[in-house]
Protein chains: 2
Amino acid sequence: MKIYLAGPDVFLPDAVEIGRRKVELCRSYGLTGLYPLDNAIDLSARDASLDIFKGNGAMMIEADAIIANLTPFRGPGADAGTVYELGYMAGHGKLCLGYCNDPTLYADRVRKFTTVEQQDGRLVDVDGLTVEDFGLSDNLMMIHALDLHGCTLVTPPQAPADLWHDLTAFETCVRMAAERLGAAPARASR
Amino acid sequence: MKIYLAGPDVFLPDAVEIGRRKVELCRSYGLTGLYPLDNAIDLSARDASLDIFKGNGAMMIEADAIIANLTPFRGPGADAGTVYELGYMAGHGKLCLGYCNDPTLYADRVRKFTTVEQQDGRLVDVDGLTVEDFGLSDNLMMIHALDLHGCTLVTPPQAPADLWHDLTAFETCVRMAAERLGAAPARASR
């Protein structure tokens, strides 16, 4: 069984190494992790971004499930590319799992970026735009996609010291995926 | 033919009115606009967010296409809920269209939010995370999804005075959707 490993991990300085660790964790649970950077892309090519898109798309079609890293990226919510991929996999009827290493609520995170206040019964930001305030970790479309198309979002009780390299919540997702997909763990044979 | 009208428009103070204008524009091109706020949701209900998710999901299944408002929302990139929906519709093989009323490039927008510099051949932000620098308006997954699953992102030559209420780029999307879906314009009969 194959798992597409989505997340802004690909933007980390040690993006290849974190992918290797994720693939290895999948293997220990009897699953094959598909990591975007394992596609061979010539970044100097004129159509590099299109090649990345096509490579990721092919991996998603091949995969049975997605584990999306929804840890907030460059703002109060998840990385857009990861969110697109979660939607794409949900649209394809694949098993959807995700984790967020920041356990705070979306509305509380927005407060760190901008002034937020109650106005006419709505929670609004400094631009007068409504701040979703349903007690969820992020936009309701992603959170409930996980609830209904896979497994509820995994969050740690408190943020790990290293938000980008702690794979505890990721491993919980891998374990749940293995259970749901009926994979045979490789651990006993090591 | 039915068009799902995705976007952070639902977070505007005049969210209902902007939806009414969008639906009316669709009608003038012979299309039926489906706007999330037209679902009757009791926001005081315990499961309000789940009801919204289910309502939006049902609208997307019913729709033949999506027009996504990808104007940057609360950060350098598009609204996460909208991006999820674009992915979901692409995954379902529906026609995908989108517009962004901010014509600047993603990398330039990131510069407004944080310090960005070249480091070891990569453009990185203050946290050392790579900033996508392919000369695109937003994350490549969304931009190329539009290229390959519908019509190229529509952006104005310069940002309109009212980023949230100017529907020129939206109307371009409606026109393209009508052409692609073979809708009969309603204008002549008015």
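Which helix of chain B lies across E1 and E2 of chain B? Hello everyone, let's start there. The model is a predicted one, and the answer is H1, residues 15-28 of chain B. Helix H1 of chain B runs at about 155 degrees to E2(B).

Chain B has an open sheet of four strands, paired in parallel, and the order reads E2-E1-E3-E4. At the edges stand E2, residues 32-34, and E4, residues 95-99, of chain B; each has a single partner strand, so one side of each is left without a neighbour in the sheet. On average, and ignoring direction, neighbouring strands of this sheet are turned by 25 degrees against each other.

Let me zoom in on one pair. E1, residues 2-6 of chain B, pairs with E2(B) in the parallel sense over three bridges. If you'd like a place to look, B:Ile3 has B:Gly33 in E2(B) as its bridge partner.

Next, the two chains together. Chain B superposes on chain A by a rotation of 180 degrees, with 0.0 Å of shift along the axis and an RMSD of 0.0 Å. That is the relation of a two-fold axis. Both copies use the same surface, as 100% of the contact residues of chain B recur in chain A.

And who does the touching? In chain B, 41 residues are in contact with 41 residues of chain A. Helices H2 (48-62), H3 (80-91) and H5 (140-149) of chain B each supply at least two residues of that side. The largest share, 11 residues, comes from H3(B). Sorted by class, this side of chain B has 25 nonpolar, 12 polar and four charged residues.

Methods: Residues are numbered from 1 along each chain as its sequence is written. Chains are lettered from A and ligands numbered from 1 in the order in which they are written. This is a predicted model: local features need pLDDT of at least 70, side-chain atom pairs count only at pLDDT 80 or more; totals for chains, interfaces and linings use all residues. Copies are superposed by least squares on the C-alpha atoms of residues with pLDDT of at least 70 in both. Two residues are in contact if their C-beta atoms, placed from the backbone, lie within 7 Å. Ala, Val, Leu, Ile, Met, Phe, Trp, Tyr, Cys and Pro count as nonpolar, Asp, Glu, Lys and Arg as charged, and the others, Gly among them, as polar. Two strands pair if DSSP finds at least two bridges between them. Axes are lines fitted to C-alpha atoms, for helices over the stretch in contact, and angles run from 0 to 180 degrees between N-to-C directions.
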